[in-house]
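Q: Can we go through this one together? I'd like to begin with the ligand and then look at the fold.

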Amino acid sequence: MKPKRNWGIRMAQREIHFGVIGCGLMGREFASAAARWCHLVNLDFVPRIVAACDLNRNAVDWFTANVPGLRLATVDYHELLADKAIEAIYCAVPHNLHKQIYIDTIQAGKHLLGEKPFGIDLPANQAILEAVRQNPGVLVRCSSQFPFFPGAYQIVQWIREQRFGQIMEVEAGFWHSSDLDPNKPINWKRQISTNGEYGCMGDLGVHVVHIPYRFGWRPSSLKAFLSKIVKDRPDKEGRRVPCETWDNGVIACEVASQDQQFPMFLSFKRIAPGHANTWFIRIQGTRLSAEFTTRNPKQLLSLPYTPGGAQEWRVVDIPYRSAYETITGGIFEFGFSDAILQMWAAFCDEIIHGPDMKQFFSCATPEETAASHELFTGALESQRTNQVVRLA
Ligand SMILES: NC(=O)c1ccc[n+]([C@@H]2O[C@H](COP(=O)([O-])OP(=O)(O)OC[C@H]3O[C@@H](n4cnc5c(N)ncnc54)[C@H](O)[C@@H]3O)[C@@H](O)[C@H]2O)c1
């Protein structure tokens, strides 16, 4: 007989009161995820968004109209930090504001799920990390949802179980394409003062390195190839203004530790013709190779190998089997907003259960963002000098 499903209906749920700072694209995505928490089953915690802040009144008004239970809507984030009943903050603001707002949040004793790149540059990231060190009771994590796609999560499980044998090569990337249109209006993500000199790497990079870094695959040296393709874009008045940031970045790295050495190719592209939010990882090993891309979100490719055996790629439509159990049937498809929901569950799980989370994979850590800043800073140096750069 099929085991009876436990829907967790009678489970008491501990409420975590959240404030959202930055009510733009990602802030709204989070509000929507909170609104369908009932999608998840068997969880003993639930986030409640009780406050929202954005400098843009229209963005705050969207929260007032759409988030039941919102009791504070403001243009000043300090009001959220002064509110004793708010336990945690999700912050999604332009990169030049990360340092100040993240540090203020951490020092106010609020748990923080911040957006990447966790500081506009290396010094900003180091200042945030110092605040993290000084406030060990506060949980600080960086948003990175793609490893929660079932296909990616399966690969993460295989790495954890050391199923790949000797790793021969890793390739990971995150590709967009809408910037191919030279008439796409400029926004803060194309300007150094708000996005940072890293350009596409700061914008896309943490997503790419989250899985490799989690398993200690950190580059010991790199050579970067950065390109600026569209040099100006129209502003609101239609005047063409400089588009300052790197559009595309490809980094060839060597991963070398005591027990392993292999090349790793990382790519961050704002202009990859035809690609819309394509995140992927490919791993080649002596006992297993595997590939997952959000371009085919249901498909997982794998090639298990035993010496002398056949080399046959398997393609499966992977079931909707997520890190946190949901009401969704296994035959249905998983998408971007599901990944956000799963990632948020991981953050809340860690607030409530610490190292005894219900599943093993957490959001990106501050230390992983620090390693990503060393990578991007090294890549800028490599581009400037046209040299291979060694990382500490
Ligand atoms: N995880 C992902 O997949 C993903 C996707 C896109 C963006 N992001 C990251 O999310 C962050 C925000 O990006 P976005 O696309 O949501 O940008 P956005 O421009 O849509 O939203 C940013 C919001 O911050 C507000 N803001 C600016 N200054 C503020 C201040 N002092 N106080 C409060 N609000 C302020 C702006 O008015 C705007 O509404 C960035 O760090 C970006 O890299 C992550």
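**Ligand and sheet**

A: Starting with the ligand: one of its oxygen atoms is 3.0 Å from a polar backbone atom of Met 26. Keep in mind that the model is predicted.

Q: And which N or O atoms in side chains does the ligand come up against, say at His 98 or Glu 115?
A: In the side chain of His 98, an N or O atom is 3.1 Å from an oxygen atom of the ligand. For Glu 115, the side chain has an N or O atom 3.3 Å from a nitrogen atom of the ligand.

Q: How much of the ligand's accessible area does the protein cover?
A: The ligand on its own has 840 Å² of accessible area, and the protein covers 85% of that.

Q: Which residues come nearest to it?
A: There are 22 residues around the ligand, and those that come nearest are Asp 54, His 95, Lys 116, Gln 145 and Lys 189.

Q: What's the make-up of that shell, by residue class?
A: Ten nonpolar residues, eight polar and four charged.

Q: Which pocket is the ligand in?
A: The largest pocket; that is the space the ligand takes up.

Q: OK, the fold. What's the strand order in the open sheet?
A: The order is 16-15-14-13-7-12-11-8-17, nine strands with mixed pairing. Strand 16 (314-317) and strand 17 (389-390) are the edge strands, each pairing on one side only.

Q: How do strands 7 and 12 run, parallel or antiparallel?
A: Parallel: strand 7 (residues 167-175) and strand 12 (residues 261-269) are joined by six bridges.

Q: What does Trp 175 bridge to in strand 12?
A: The bridge partner of Trp 175 there is Lys 269.

Notes. Residues are numbered from 1 along each chain as its sequence is written. This is a predicted model: local features need pLDDT of at least 70, side-chain atom pairs count only at pLDDT 80 or more; totals for chains, interfaces and linings use all residues. Side-chain values use heavy atoms; hydrogens and water are left out. A residue is near a molecule or strand if one of its heavy atoms lies within 4 Å of it. A polar contact is a pair of N or O atoms within 3.5 Å; within protein, one must be able to donate a hydrogen and the other to accept it, and residues adjacent in sequence count only if both atoms are side-chain atoms. Accessible areas come from the Shrake-Rupley method with a 1.4 Å probe; for residues, only the protein chains shown count as cover. On a 1 Å grid over the protein atoms alone, a cavity is a set of points where a 1.4 Å probe fits but cannot get out, and a pocket is an open set with protein on both sides within 12 Å along at least five of seven lines; lining residues have an atom within 4 Å of a point. A molecule sits in a cavity or pocket if more than half of its atoms lie within 2 Å of its grid points. Ala, Val, Leu, Ile, Met, Phe, Trp, Tyr, Cys and Pro count as nonpolar, Asp, Glu, Lys and Arg as charged, and the others, Gly among them, as polar. Two strands pair if DSSP finds at least two bridges between them. Helices (H or I, at least four residues) and strands (E, at least two) are DSSP runs, numbered from the N terminus.
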